[in-house]
Amino acid sequence: MASALRRAVTIACANVSRRAVVGSSVKFAYTPGIPSHTPAPGVAAAVQKQLRHATIIVQHRDTETNNEAVPWDFTPKNYELVKEWLAKYPANYKQSAMIPLLDLAQQQNAGHLSVSCMNKVAEICGVAKMRVYEVATFYSMFNRNPVGKYHVMVCGTTPCMVRGSREIEAALEKHLGIKKWETTADNLFTLGEMECMGCCVNAPMFVVADYTNGIEGYSYNYYEDLTPESACNVLDQLKRGEKPKVGSQTRSKAEPAGSQTTLLSPPPGPYCRDLDAV
């Protein structure tokens, strides 16, 4: 069984059309029309378990829930958002809205882009399907496999790494009982990695994409100045349905570790939103 599993994974990884390396994720493009080398049912189940909800994508293989025959469309309410994005560009440049439309589709589709989602965006933008596949497989913000309701992405870039992001990642793996790129059995959390998100002064940090309530309730919040303990506490609060403190977990915004040394009186403005109220 082990040798058959290895052979199935080898075939899946070898039979690809294009590879893009994005950060620490390796993603492969969807190529319609290429016959699948389908392993025996037992091996297929083992492969699926081995790669369950992984962010590392091999060549697309049709499943019962992810193939071109599965209907998918934006809801009437979300079509209003589609129209808003299309209105930002000239009529003959509708493809310029491709990335925001893919983002909307992913939010509506519980955090990932199925083939039918991508095909619908291609239809709206008036481009070949492959043009959308190329974009969706290039950017790590787009998930080609299902993710949990909360997609937790730990920053893996150098400033966060030297400030302890690897220890935070290890603590989250132990706390959730999964490895990086996997999803918990209750489908609540997926643990991943993202490259620099611009919070180096408050390193280490992670971001949580919240897909629990579709587009209306979608959020993409940063949690900064983390320790292994506070990182696990953020996830525990989310699991209880609470709203953890967004931003730094130990100080206000990006002040020095000791105390504020500049802007000791109220500035004249314009003002940022009140992060403590988020």
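Modeller: Strand 3 and strand 5 pair in the antiparallel sense, and five bridges hold that pairing; two strands count as a pair when DSSP finds at least two bridges between them. Helices and strands are here DSSP runs, helices being H or I with at least four residues and strands being E with at least two, and both are numbered from the N terminus. Within this pairing, Met153 stands opposite Val207 in strand 5.

Before going further, please keep in mind that this is a predicted model, in which local features need pLDDT of at least 70 and side-chain atom pairs count only at pLDDT 80 or more, while totals for chains, interfaces and linings use all residues. Residues are numbered from 1 along each chain as its sequence is written, and side-chain values use heavy atoms, with hydrogens and water left out.

Strand 3, residues 150–155, also pairs with strand 4, this time in the parallel sense and over six bridges, with Tyr150 standing opposite Phe189 in strand 4. In general, the strands of a sheet pair through backbone hydrogen bonds, either parallel or antiparallel. The open sheet as a whole is made of five strands in the order 4-3-5-6-7, and its pairing is mixed. Its edges are strand 4 (189–194) and strand 7 (247–248), each of which pairs on one side only. Moving along that order, strand 5 (residues 206–210) runs antiparallel to strand 6 (residues 219–224), joined by five bridges, and here Asp210 stands opposite Ser219 in strand 6.

How many residues of strand 3 are buried? Six of the six are, so strand 3 is largely enclosed by the rest of the structure; buried means under 20% relative accessible area, exposed means over 50%, and partly exposed is in between, with a 1.4 Å probe and protein chains only. In a regular strand the side chains alternate between the two faces of the sheet. Strand 3 is covered on both faces, with buried Tyr150, Val152 and Val154 on one side and buried His151, Met153 and Cys155 on the other.

Helix 8 (residues 165–176) lies across strand 3, strand 4 and strand 5, and runs at about 165 degrees to strand 4. Helix 9 (residues 228–239) packs on the sheet as well, touching strand 3, strand 4, strand 5 and strand 6, and its direction makes about 10 degrees with that of strand 5. Contact in this sense means heavy atoms within 4.5 Å, and the axes are lines fitted to C-alpha atoms, for helices over the stretch in contact, with angles running from 0 to 180 degrees between N-to-C directions.

The loop between strand 4 and strand 5 contains Pro204, which is joined to Ala203 by a cis peptide bond with omega at about 0 degrees. Ala110 counts as partly exposed, at 43% relative accessibility.

Finally, the cysteines. A disulfide is a covalent bond between the sulfur atoms of two cysteines, and the rule applied here asks for a pair of cysteine sulfur atoms within 2.5 Å. By this rule the count comes to zero disulfides. Cys199 is accordingly in no disulfide, and the nearest cysteine sulfur, that of Cys200, is 7.7 Å away. Cys199 is buried at a relative accessible area of 11%, and Cys125 also counts as buried, at 3% relative accessibility.
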